[in-house]
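Thanks for coming. I have one model to go through, so please look at the sequence and the structure on the screen.

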Amino acid sequence: MARTIKMVLEKRRTDLVGLMAEGNVSDWADYQRRVGVIQGIDEALRVCDDLEKEAETRR
């Protein structure tokens, strides 16, 4: 399950970074919000990695 969540999060992160790189932000607040979302996704990806490692050690 963590792998599926990780794939969805990685796609979402890539999409957001691409939009920002293209300049698709309306203002400074929008930019900051998107950066915050990307940071949150990065943290969730780290948690997914930890869960995968933990699951492997239990096998």
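Leaving aside its neighbours within four places in sequence, which residues is Glu52 in contact with? The model is predicted, so keep that in mind for what follows. Glu52 is in contact with Ala2, Arg3 and Lys6. Glu52 itself sits in helix α2, which covers residues 28-58. Is Glu52 buried or exposed? Its relative accessibility is 17%, and buried means under 20%, so Glu52 counts as buried.

Next, the two helices. Helix α1 spans residues 2-21, and its axis comes within 9 Å of the axis of α2. The two axes cross at roughly 155°. Since angles over 145 degrees count as roughly antiparallel, α1 is roughly antiparallel to α2. The crossing of α1 and α2 is left-handed. Sorted by class, the residues in the contact of α1 with α2 are 16 nonpolar and 9 charged, with no polar ones.

Last, the aromatics. How many aromatic pairs does the structure hold? There is 1 aromatic pair. Trp28 and Tyr31 form it, with 5.3 Å centre to centre and 20° between the planes, and the pair is stacked. Trp28 and Tyr31 are 3 residues apart in helix α2, so about one helical turn separates them. As for accessibility, Trp28 has a relative accessible area of 58% and is exposed. Tyr31, at 34%, is partly exposed.

Key
Residues numbered from 1 in each chain as written. Predicted model: local features only at pLDDT ≥ 70, side-chain atom pairs only at ≥ 80, totals over all residues. Heavy atoms only, no water. Helix = DSSP H or I, 4+ residues; strand = E, 2+ residues; numbered from the N terminus. Buried < 20%, exposed > 50% of the residue type's maximum accessible area, 1.4 Å probe, protein only. Contact = heavy atoms within 4.5 Å. Phe/Tyr/Trp six-rings, centres within 6.5 Å; stacked < 30°, edge-to-face > 60°. Axes fitted to C-alpha atoms, helices over the stretch in contact; angles between N-to-C directions. Parallel < 35°, antiparallel > 145°, perpendicular 65-115°, else oblique. Left-handed = near helix turned anticlockwise from the far one by under 90°. Nonpolar A, V, L, I, M, F, W, Y, C, P; charged D, E, K, R; others polar.
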